[in-house]
Amino acid sequence: RPTTKGQTEEWEDTVNRIMQAANKQLDCGFNEEEIEEFKGYMMTLKGTVAGRFLWQLGTKTVDTLGLPSLQNCAFTVIDQPIRPFTWAFEMLMLGSGVGFNIQREHVYQLPKIKRKVKITRMDENDADFIVPDSREGWVDLLHRVLKASFKTGESFTFATHLIRGKGSAIKGFGGTASGPEDLVWGMLEINRLLNDRSGKRLRPIDCLDMMNIIGKIVVAGNVRRSAQIAIGDHDDM
């Protein structure tokens, strides 16, 4: 990766960056002898850290985002109406694969859908919620969609005109932006699914569909992927 003008990071530079960050960012507490031993394994290709560590450890991205950007895998249980979905959305956008448990004993802890609500895109400044052009903004919109069905029972409008257009560069994680259309499609699709269960509880298959919709929104970026695994009951047809 480029470091300064006209230079690239060579393998020894990468190893040194990781060695320094192991104590600075991960608080591993390695002493000098352990660092030299660790470095020896990497320099002779006898061992290495995870690919995401090679990519990001020791960079400002980790200072800003913390450990989630270094994680390959994550897992949640769907036993709450909002947090498991918004958490999975954010972890997927940070590049982690997400597993989730949709066994009946967990899913049936979710409250019933209050009533049908209407979520409307209205790209104007007087919309109820103007989605910020950020990962947090996208997660906040999903939070509001879920909250409307499970808690407030109130319809709302949202605007996406601040979101960068399709093909624009993404500086933090690389690649290009998908634009707002996939986000809008996903939110309206989740709203439709929730309205179909108005007055009832979600079923495991509904939670599976919602997670897959979230995954499809994330994978819209041209260099991102969205890896998921669902754990359900063996007899849930």
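Before I show the first feature, a word on what I mean by a patch: the residues in it each have over 30% relative accessible area and no salt bridge, and nonpolar side chains are joined into one patch when they lie within 5 Å. With that in mind, and remembering throughout that this is a predicted model, please look at Trp11, Met43 and Leu45, which together make a nonpolar surface patch of about 300 Å². Of these residues, Met43 belongs to helix α2, which covers residues 32-43, and Met43 counts as partly exposed because its relative accessibility is 33%, which falls between the 20% limit for buried and the 50% limit for exposed.

Let me now step back to the whole chain. The protein chain has nine helices and six strands, and its C-alpha trace spans about 65 × 45 × 25 Å along the principal axes. Of the 237 residues in the chain, 40% are buried.

Next, the helix packing. The crossing of α5 past α9 is right-handed.

In the other pair, the axes of α5 and α7 come within 9 Å and cross at roughly 160 degrees. That angle is over 145, so α5 is roughly antiparallel to α7. Here too I can give the hand, and α5 passes α7 in a right-handed crossing.

Staying with α7, which runs over residues 135-152, I would like to point out Val139, which is found in this helix. Is Val139 buried or exposed? Val139 counts as buried, because its relative accessibility is 11%, under the limit of 20%.

Finally, please turn to His234, which is found in the segment after β6, the strand at 228-231. His234 has a relative accessible area of 79%, and so it is exposed. How far apart in space are His234 and Gln103, C-alpha to C-alpha? The distance is 9.0 Å, although the two residues are 131 residues apart in sequence. For Val139 and His234, which are 95 residues apart along the chain, the C-alpha atoms are separated by 31 Å.

How values were computed:
Residues numbered from 1 in each chain as written. Predicted model: local features only at pLDDT ≥ 70, side-chain atom pairs only at ≥ 80, totals over all residues. Heavy atoms only, no water. Patch = residues over 30% accessible without salt bridge, like charges linked within 9 Å, V, L, I, M, F, W, Y side chains within 5 Å. Areas by Shrake-Rupley, 256 points an atom, 1.4 Å probe, with all protein chains shown as cover. Salt bridge = Lys/Arg side-chain N within 4 Å of Asp/Glu carboxyl O. Helix = DSSP H or I, 4+ residues; strand = E, 2+ residues; numbered from the N terminus. Buried < 20%, exposed > 50% of the residue type's maximum accessible area, 1.4 Å probe, protein only. Left-handed = near helix turned anticlockwise from the far one by under 90°. Axes fitted to C-alpha atoms, helices over the stretch in contact; angles between N-to-C directions. Parallel < 35°, antiparallel > 145°, perpendicular 65-115°, else oblique.
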